[in-house]
Structures are given as C-alpha cells and as structure tokens.
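Subject: Structure for you to look at

Dear colleague,

I am handing over the structure we spoke of, with the sequence alongside. Could you look through it with the notes below in hand?

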Amino acid sequence: MRFLVALSHWLGQTHLGVFIRDSSYAFAAIEMLHLLALAIFGGSIILVDLRFLNLGFKTQTAPAVARELLPLTIGGVIAMAISGVLMYAGGPMRYFNNPAFQLKMVLFVIALAIHFPLQMIAARSLEVAPGRQRLFQAAAVASLLLWFAIGFSGRVIGYL
Amino acid sequence: MPTLQHICEWIYTTHLSTSIRQSPYSFPAIETIHTLGIAAVVGTIAILDLRLLGLIMKKEPVSRIARQLLPWTWAGFAVMFVTGLLLWIAESQTSYSNWAFRAKMVLLLLVGINPLIFHLTIYREVNTWDLANVTPRRARFAAVSSLVLWASIIVFGRLIAYVNT
C-alpha cells in the first residue's frame with residue numbers, strides 16, 4: 001500500500017502528471033482516447049466471449065476467433081491502460097481513495113487474470129477439447145460480467 | 001420559436017424527462033449502458049471494417065463475417081438507441097442548442113448513409129471479392145469512412161457533456 005501511495009505521488013509530480021493536471025484540455029482528450037479504445041476493446045471482448053458460449057461467430061472455431069481478435073483485445077487493453085494511467089496521473093490522490101476507482105482496479109486485475117489466459121490458451125489450440133468446454137464457458141461468463149462491472153465502476157468514479 | 005425547439009422544450013417538461021433528471025442515479029446509469037452499447041456497435045462494425053481493409057480474419061469470407069456480426073451490431077444498436085433516446089429526453093432542452101449534440105446527429109445520419117451506399121453498390125458483387133485479402137477500393141473507402149465517422153461520433157458524444165457545463 002505504501003509503495004502504491006509513493007508511486008502515485010511520484011506519478012502526479014512528473015512533468016506529464018503536472019501537465020495533465022494544469023491543462024484544460026488534456027484530461028478531456030485522454031478520456032476520449034480511453035473511450036475510443038473501449039469501443040474496439042469492448043466489441044472484440046464481447047465477440048470472443050460470445051464465441052466461447054456458442055452464441056456468435058459460429059462459422060469459425062473458437063480458437064480461430066480467439067486468435068484473430070487477440071491483437072484487438074490486447075491492443076485495446078494496452079491503449080485503455082495507458083490512457084487510464086495518464087488520467088490517473090492528472091490527480092492520483094483524487095482517485096486513490098475513491099471507492100469506485102479501488103473497486104474498478106480490483107475487478108480489472110481479476111478480469112485480466114481470467115480473460116487473457118483463457119483467450120491466449122484458446123488461440124494456441126486447434127480446437128477446444130470437449131472436456132474443457134464448460135470451463136471456457138464459465139470463464140467467458142465471468143469475463144463478460146467483470147468487464148461490464150468495470151465499465152460501470154469506471155463511470156461511478158466521476159460521481160464520487 | 002422554431003417548431004423543433006418547441007418540441008424539445010415540451011419533451012423537457014414531461015414526467016419521464018423530469019424523473020430522469022431528478023434521480024441522482026438514472027442519468028449516469030443510462031449513460032453507462034449507452035457507452036457499453038456503443039462498444040458493442042462500434043466494436044463489431046470495426047471488426048468488419050478491419051476485415052475489409054485486410055487487417056484481420058483474412059482467411060474468412062467477408063460476407064460470412066458480416067452475417068455473423070450483424071445480429072450483435074443490431075442488438076447493440078437497440079441498446080444504444082433506446083438509452084440515447086432516454087438521455088436526450090432528459091436533456092432535450094439543452095441538447096437542442098448544444099453544438100456537439102447537433103454535430104453528433106449529423107454524423108449519425110452520415111454513418112447511416114455509409115452502409116446504405118456500401119450495400120447498394122460494391123457489396124452487391126461481394127461474391128467476386130469475398131475471399132480477397134485486399135478488397136476493392138470502394139469497399140476499403142467505406143471501411144475507412146465508417147471508422148472515422150464512428151470515432152468522431154464517440155468524440156462528439158463525449159463533448160456534449162463538456163459543452164453543457
């Protein structure tokens with residue numbers, strides 16, 4: 001915890017952090033990039049999970065969909081993380097103690113740990129083994145719920 | 001007073017409009033669902049656009065990707081439209097004079113015309129280029145316009161709230 005506080009203080013005092021805090025437009029611009037990344041990221045996450053649940057993209061195998069959309073989900077999450085860190089840098093302590101922000105970060109770590117191993121394991125295989133289908137479906141449901149909850153808690157940050 | 005402005009002001013006084021405004025939770029909750037609906041719409045459309053540009057799913061026929069994505073694009077669109085309508089009902093009076101809102105409505109019109117032209121022209125001959133890695137120039141043009149227009153819609157959509165305050 002103390003490390004995180006120190007890191008946040010440092011981040012807020014960097015040139016970038018000070019610039020984002022003092023500029024009238026930087027935050028809005030970064031927030032828009034965050035939303036643009038969300039559109040690509042959210043759409044591809046939904047499709048990967050729906051494929052695991054046999055609800056969409058059925059002309060291709062689940063591993064093929066997982067593989068083809070991996071650049072979009074990984075690129076999307078990196079773009080969202082970078083823009084997210086930049087927004088955070090503009091006022092770290094405002095977010096650090098914000099319960100919605102704290103919840104979002106916890107859910108984000110859990111979602112990362114569930115979704116990406118799932119998608120990467122699937123992407124490397126030729127087909128999902130029949131015995132593992134249930135596991136993949138459960139993980140896909142968890143992934144969908146978690147990402148939705150992350151979206152909601154993200155919006156709540158601005159209201160607390 | 002212009003008729004449209006008159007209608008907007010009347011909608012602003014309706015029970016639905018005031019109840020969304022008066023609840024501390026309604027507006028942000030609807031707004032979040034609206035944003036997630038946009039992610040579904042724009043995300044699925046972007047995947048088709050990226051295929052048209054030959055960047056992903058190159059081995060899959062374009063028409064098959066389009067057919068698989070369309071139900072989810074429409075599902076997302078329904079969510080986006082209903083929640084968007086509710087947000088507008090709550091803010092109809094301020095939206096009317098909001099330049100970001102006006103720009104967004106024009107862009108939405110354009111982004112609707114784009115697939116219309118695409119489907120009536122180059123997509124009619126999709127069987128001749130369904131498997132092509134790089135699709136015809138007009139298909140790629142439609143893909144780029146779609147990506148640019150949707151990105152602008154997201155930007156202007158977010159601007160609405162910044163302009164309002």
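What follows is an account of what was found, from the whole complex down to single residues.

Please keep in mind throughout that this is a predicted model. The predictor assigns the complex an ipTM of 0.90 and a pTM of 0.92, and for chain B the mean pLDDT is 93, with 99% of its residues at 70 or more.

Chain A is made up of seven helices and zero strands, and its pattern along the sequence is accordingly written α-α-α-α-α-α-α. Taken along the principal axes, its C-alpha atoms fill a box of roughly 55 × 30 × 25 Å, and of its 160 residues 36% are buried. Among the contacts in chain A with a separation of 6 or more, 80% are between residues 24 or more positions apart.

Turning to where the chains meet, 25 residues of chain A are in contact with 24 residues of chain B. On the side of chain A that touches chain B, the elements giving two or more residues are H3, H4 and H7 of chain A, and H3(A) provides the largest share, 13 residues. By class, that side of chain A has 14 nonpolar, seven polar and four charged residues.

The largest nonpolar core has 65 residues, of which Ala39(A), Val42(B) and Ile154(B) touch the most other members. At least two residues of this core come from each of helix H3 (26-52), helix H4 (62-89), helix H6 (99-124) and helix H7 (133-157) of chain A, and likewise from each of helix H3 (26-52), helix H4 (62-96), helix H5 (99-120) and helix H7 (137-164) of chain B. The largest share of the core, 14 residues, is supplied by H3(B). A second, separate core of six residues includes Ile20(A), Ile30(A), Leu86(A) and Tyr95(A). As for Ala39(A), once its neighbours within four places in sequence are left aside, its contacts are Ile38(B), Ala39(B), Val42(B), Gly43(B), Ala46(B) and Ile154(B).

H7(A) has 25 residues and reaches 36 Å from its first C-alpha to its last, close to the expected 36 Å. Its buried residues are Phe136(A), Ala139(A), Ala140(A), Ser143(A), Trp147(A), Ser153(A) and Gly154(A), and the buried residues of H7(A) pack against H3 and H6 of chain A.

Phe57(A), in the loop between H3 and H4 of chain A, has a positive phi of about 60 degrees although it is not a glycine; Phe57(A) counts as buried because it has 25 C-beta neighbours inside 10 Å. Met57(B), found in the loop between H3 and H4 of chain B, also is not a glycine and has a positive phi, of about 50 degrees, and Met57(B) counts as buried because 21 C-beta neighbours lie inside 10 Å.

Asn98(A) is placed in the loop between helix H5 (92-96) and H6 of chain A, and it counts as partly exposed because it has 17 C-beta neighbours inside 10 Å. Not counting residues up to four places away in sequence, Asn98(A) touches Ile157(A) and Leu160(A), while the C-alpha atoms of Asn98(A) and Gly158(A), 60 residues apart in sequence, are 9.4 Å apart in space.

With best wishes

Conventions. Residues numbered from 1 in each chain as written. Chains lettered and ligands numbered in written order. Predicted model: local features only at pLDDT ≥ 70, side-chain atom pairs only at ≥ 80, totals over all residues. Core = buried A, V, L, I, M, F, W, Y, C linked by C-beta atoms within 7 Å. Buried ≥ 20, exposed ≤ 12 C-beta atoms within 10 Å, placed from the backbone. Helix = DSSP H or I, 4+ residues; strand = E, 2+ residues; numbered from the N terminus. Contact = placed C-beta atoms within 7 Å. Nonpolar A, V, L, I, M, F, W, Y, C, P; charged D, E, K, R; others polar. pLDDT = per-residue confidence, 0-100. Expected span 1.5 Å × (residues − 1).
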